[in-house]
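My notes are below the structure.

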Amino acid sequence: MTETEKEFTIQNYLEFIQNKKLMGSKCKDCGKMYVPVRKLCIACNSLNMEWVPLSGKGELAAFTSITVGTPYFIELGYDRNRPYCFSVIKLEEGPMVSAQLVGVDASKPDTIKIGMPLKVKFLENELKGETKTDLGFEPA
Amino acid sequence: MGKLSKRVAIVGAGMSQFGRLYPLKRNPDLWVDAWIDAVKSVDNGIEPKDVDACYVGNYSSDLFNHQGHLGPQMANLVGLTPKPASRFEGACASSGIALRQAIIAVASGIHDVIAVAGVECMNELPTSLVTDALATASDALFEYPAGATFPGLYATVATAHFHKYGTTSEDLMRIGIKNHENGVENPFAQMQRSIAQMMQRKLKKLEEQGKELPDWKDEFDYLKSASNPMIAYPLRLFDCSLVTDGAACVFIAAEEVAKNYTDTPIWIAGTGQGSAALSIHDRDDLTGFIATREAARQAYEMSGYGPKDIQIAELHDCFTIAELVALEDLGFYEKGKAAQAVKEGETKRDGARPINTSGGLKSKGHPVGATGAAQAVEIFKQMRGRAERNRQVKFEVERALTHNLGGSGATCVVTIYEK
C-alpha cells in the first residue's frame, strides 16, 4: 500500500507525524481540507477523500502560556518557572490545528503576537526512555 | 418542532452547601442535602410518591469517585426506587441537560413530576488530578497532547478575544470582583468573601509576619500581583472558578399538577441546546461559542422573548472570560461591547441586568455536574423574591435566563424562565 492509499484513520495521521510529515485529507468533491484527517466530509457528506501534504506554513490564531501544565508537559520539565505555549495555528491551506509553539519566550507572553507567521517544527520528546514526535510550530 | 407540547414549571428548587467538603460530604450526602432543601422550598409540600422519575446530571463520578451508574443510587437515597432513574453527561453542562430532558419528558406527558439532580464531589482527587479529569472534557486526541489544560483552552479563547476586540485583563478582573461581591451574600457559596476582603486579609497577614507591605491601591493592584499567580496567560488564579463539592435539586412539574405544589410556580418559557466541535481548532470563531448561540437561538424562539426581555441571568463563568463571551453570544451585548457594559456596572446586582447574583461559579463554586441545576435554584429564588441575605434584586423579575456551558464550549444549554 502506498502512503496515499492509507485509510483515513487517526492512527495513520499520527504515524505520518511520527515520520515528520503533516498530512491532511481533502474532499475531491468540494475541496474542503481536514487536519487532523477525516474520512467523511462534513461540508458535503462525501467519502471521496484523498491524502494531501500540508506546507506546514501558517499563522498564530490564538495561544496561551501555561504555568500549571498537563502531567505530560510536567514530565517534559515545564513548570511555573518554565511555562510552555499551547497554540492554535491557522494553516495556509485553511484548517486550524492545536500544537505547542516553540522558539518563543513563553515567560513573556506579551511578546507573542497573534497573526505572526509560523512554520511546522516536529518536536522529538523523550519520555520514559522512548522518543516520540509531537506536532509543534515555531516562528517562520 | 421547537415547542413544548404543554406548559412545564419549576415548583421547588434547593441546593446543598457548596465547598471543599469531601470527605465530610460525598455524593450521596450532598444529594440528600440538596433534596431536603428543595423539598422545603415546595410551598404545599412534595413527597417521593409524587415524583415519577429522577434525572441526574453528573460529569465524572467515574474519574472523581470511581463510581458510575449514579441514577439509581441517587433515586434510592430519597425514596424513589423503583422509579426510572438516569444519569446525563455533557461535561459542565450535565445537569443543564438533565433539566432540559426533564422538561421535555414532562411536556411529552410520560411523567408529571421529575426530580432533577445535579451532583459532583471533586475534592476526592488532588487538584492536579482534578485538572486532568476536567481535561477529558476537551479533545484528548489532539488538544491534550499539544499541552492544552482546561484553563489553557479558555485562555486561548481569551487571547483571541483580546486580539480582536481589545479586551484587557482588567475587563476580566471586574467580572471576578463582581461575582465575589455577590457570593458574599449567598450562604450556600464556597467563598463568601469579596476580593477586597481577601486583599485586606492578605495585607493583615503580611503585617503580622512583619513583612514589607505591598503598595496595593485597589483590588486591581492585588489581582495583578504575585498573590494572584498566572495559571494560563492571561488567566490568573482569580479568573478561574473553584474546585467544589455540591449538589442541587429541581422539581419539574406539568401544568395540570404544578398548582398542587405552589401558587407561584416558575414556568419554563424556552429551552435550547447546542453543540460544537470538541476541539477549539475545529471551530470557525475562537472569540465566542457557537453552541451558546445555537442554544440561545432555540430558547429565544421557543419563548418568543429576545435578549432585551431578560432581566437577570446566571451565566456559566467557569472562567471570567466565559462570562464576558456569554454576554455577547447570548445577544445581551454586541460582539466586543460586553467589557464596556461590565465596566459601567450594568451586570452588577444593582445594574440594568444583574448577572450571577448567586456569586456564579467563581464564588459560589463549580461542582461541575451540579452547576446547571444550581443556576436554576438561584433563578427560582430570585423570581420568587426569596434570595437570602442582601442579594435579592430590587425589582420584580418576570423573565430570567440560565446559560450552562460544557467543556471548552462544545455543549451549551440555555433555559428561559417566566412567571
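The entries follow in the order in which I looked things up.

Ground rules. I worked on a predicted model, where local features need pLDDT of at least 70, side-chain atom pairs count only at pLDDT 80 or more, and totals for chains, interfaces and linings use all residues. Residues are numbered from 1 along each chain as its sequence is written, and chains are lettered from A and ligands numbered from 1 in the order in which they are written.

Interface. I found 26 residues of chain A in contact with 26 residues of chain B (C-beta atoms, placed from the backbone, within 7 Å). On the chain A side, S4(A) gives the largest share, 6 residues. That side divides into 18 nonpolar, 7 polar and 1 charged; Gly counts as polar.

Strand S7(A). I took strands as DSSP runs (E, at least two residues). Leu118(A) and Val120(A) form the covered face of S7(A), residues 117–120, and Pro117(A) and Lys119(A) the uncovered one. S7(A) runs antiparallel to S4(A), with 3 bridges; strands pair if DSSP finds at least two bridges between them. Leu118(A) is the bridge partner of Gly58(A). S7(A) also pairs with S10(A) (136–139), antiparallel, over 3 bridges. There, Phe137(A) is the bridge partner of Val120(A).

Core. The largest nonpolar core has 177 residues, and Val116(B) is one of those that touch the most other members. Such a core joins buried Ala, Val, Leu, Ile, Met, Phe, Trp, Tyr and Cys residues through C-beta atoms within 7 Å, buried meaning 20 or more other C-beta atoms within 10 Å. Not counting residues up to four places away in sequence, Val116(B) touches residues including Tyr55(B), Cys249(B) and Ala373(B).

How values were computed: Contact = placed C-beta atoms within 7 Å. Helix = DSSP H or I, 4+ residues; strand = E, 2+ residues; numbered from the N terminus. Buried ≥ 20, exposed ≤ 12 C-beta atoms within 10 Å, placed from the backbone.
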